[in-house]
Amino acid sequence: MNKINIGKYECLMTVVELGSMTRAAEKLKLTQSAVSHSILSLEEELGFAILKRSRGGVWLTEEGERLLPAVRGLLNSAERLNQLANSIKGLETGLVRIGAFTSVAVHWLPPVLKEFQSDYPNVEFKLLNGDYHDVEQWLSDGSVDIGFVSMPCGVDCPCTALMEDRLFAILPENSRFRNYPKFPLVECETEPFISLLESSDHDARRALEAAGVKPNVRFYTKDDYAIIAMVEQGLGISIMPELLLKGRRDKVQILPLIPEAKRTIGMAVAAGEKAPPVAKRFVDYVMRYLKNDS
């Protein structure tokens, strides 16, 4: 095999992420024929097809799927090398890839990013927003450098607890519990319950299991704000963390739980001590923001 050409692998990853030669060419500021030639050249070097092509787009072959983790590792290592070299030269540049769930993406990241960008304007960010399962998957496959998680999490990388976040019941404004000072979790067994997907519903499930309560689940969704909208319409009740509800003016009733329940928000760094210097610097900014905000 010829000497590794990082540019070809960067081109491949862009095509895979966007699912289109045309969109990849636009992002890379290349012609579509140049992107196609790069992929064909890489396939010749490797000795097997990486992509399947059709009018609907492109996707990985079985061999390409097996190759993808190694490609991510190669590009991540190249990025760390570039950032370290720039750091040694005193240049603060690089890319920080962050995975976060809704409440962190809305309430924590914007002020931290604003401060960081003010100090390091040449650093770029790639932000991925999903549920707990998504973030853990991105950490595991190397798609992000930093991921915000609910602890304990199932990812084998260093993870730091950031804060405890109380859980609350959210109910329609006209519910029969409107005069209750607190919401008894046991009532979830009879009231229609709106749940996140099982893969990401760690917080509510842990609270309910700890109380020995089996909820009367009528609806599942992946979207936190969809749950709030459904509760507003009187379709059921749910359990949500305080940070997610912060600053909202929805027409719902919010009550503390009996027994009390919390989640622990953590921050995981995929490569640990081998993380890119600029990613480590961003971790410091997150910690400082939370210390000053507490």
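Is L95 buried, exposed or partly exposed? Because its relative accessibility is 25%, L95 counts as partly exposed (buried is under 20% relative accessible area, exposed over 50% and partly exposed in between, with a 1.4 Å probe and protein chains only).

## Ground rules

This is a predicted model, where local features need pLDDT of at least 70, side-chain atom pairs count only at pLDDT 80 or more, and totals for chains, interfaces and linings use all residues. Residues are numbered from 1 along each chain as its sequence is written, and side-chain values use heavy atoms, with hydrogens and water left out.

## The whole protein

The protein has 11 helices and 12 strands (helices are DSSP runs of H or I with at least four residues, strands are runs of E with at least two, and both are numbered from the N terminus). Its C-alpha trace spans about 70 × 45 × 30 Å along the principal axes.

Of the 294 residues in the protein, 47% are buried. Take the contacts with a separation of 6 or more: 73% of them come from residues 24 or more positions apart (a contact means heavy atoms within 4.5 Å).

## Back to L95

L95 sits in strand β3, residues 94–100. E124 is 29 residues away along the chain, yet the C-alpha atoms of L95 and E124 are separated by 4.7 Å. Leaving out residues up to four places away in sequence, L95 touches E79, Q83, E124, F125, K126, D145 and V278.

Helix α1 (residues 6–18) and helix α2 (residues 21–28) have axes that come within 8 Å and cross at roughly 125° (axes are lines fitted to C-alpha atoms, for helices over the stretch in contact, and angles run from 0 to 180 degrees between N-to-C directions). That angle makes α1 oblique to α2 (under 35 degrees is roughly parallel, over 145 roughly antiparallel, 65 to 115 roughly perpendicular and the rest oblique). On the α1 side the contact is made by C11, T14, V15, E17 and L18, and on the α2 side by M21, R23, A24, K27 and L28. Sorted by class, the residues of this contact of α1 with α2 are 6 nonpolar, 1 polar and 3 charged (Ala, Val, Leu, Ile, Met, Phe, Trp, Tyr, Cys and Pro count as nonpolar, Asp, Glu, Lys and Arg as charged, and the others, Gly among them, as polar).

Next up is α2 with helix α3 (residues 32–46), where the axes come within 8 Å and cross at roughly 105°. That makes α2 roughly perpendicular to α3. M21, T22 and A25 of α2 meet Q32, V35, S36 and I39 of α3. The contact of α2 with α3 has 4 nonpolar, 3 polar and no charged residues. In the loop between α2 and α3 you'll find K29, a residue other than glycine with a positive phi, near 60°. K29 counts as exposed because its relative accessibility is 75%.

## Helix α8 and its cover

In helix α8 (residues 202–210), H202, D203, A204, A207 and L208 are buried. The elements covering these buried residues of α8 include α7 (132–141), β5 (146–151), β6 (159–172), β8 (192–196), β10 (238–241) and β12 (262–269). After α8 comes G212, with a positive phi near 70°.

## Two buried strand residues

S238 belongs to strand β10 and counts as buried because its relative accessibility is 2%. The S238 side chain reaches the backbone oxygen of I194 at 2.7 Å. Beyond residues up to four places away in sequence, S238 touches F168, A169, I170, F193, I194, I227 and V231.

I265, in strand β12, counts as buried because its relative accessibility is 0%. With residues up to four places away in sequence set aside, I265 touches F101, V104, W108, V149, T160, A161, L162, M163, D165 and L243.

## Cis peptide bonds

The bond from M151 to P152 is cis, with omega near -5°, and P152 lies in the loop between β5 and β6. I258 and P259 are also joined by a cis peptide bond, with omega about -5°. P259 is in the loop between β11 (252–258) and β12.

Notes: Polar contact = N/O pair within 3.5 Å; in protein donor to acceptor, adjacent residues only side chain to side chain.
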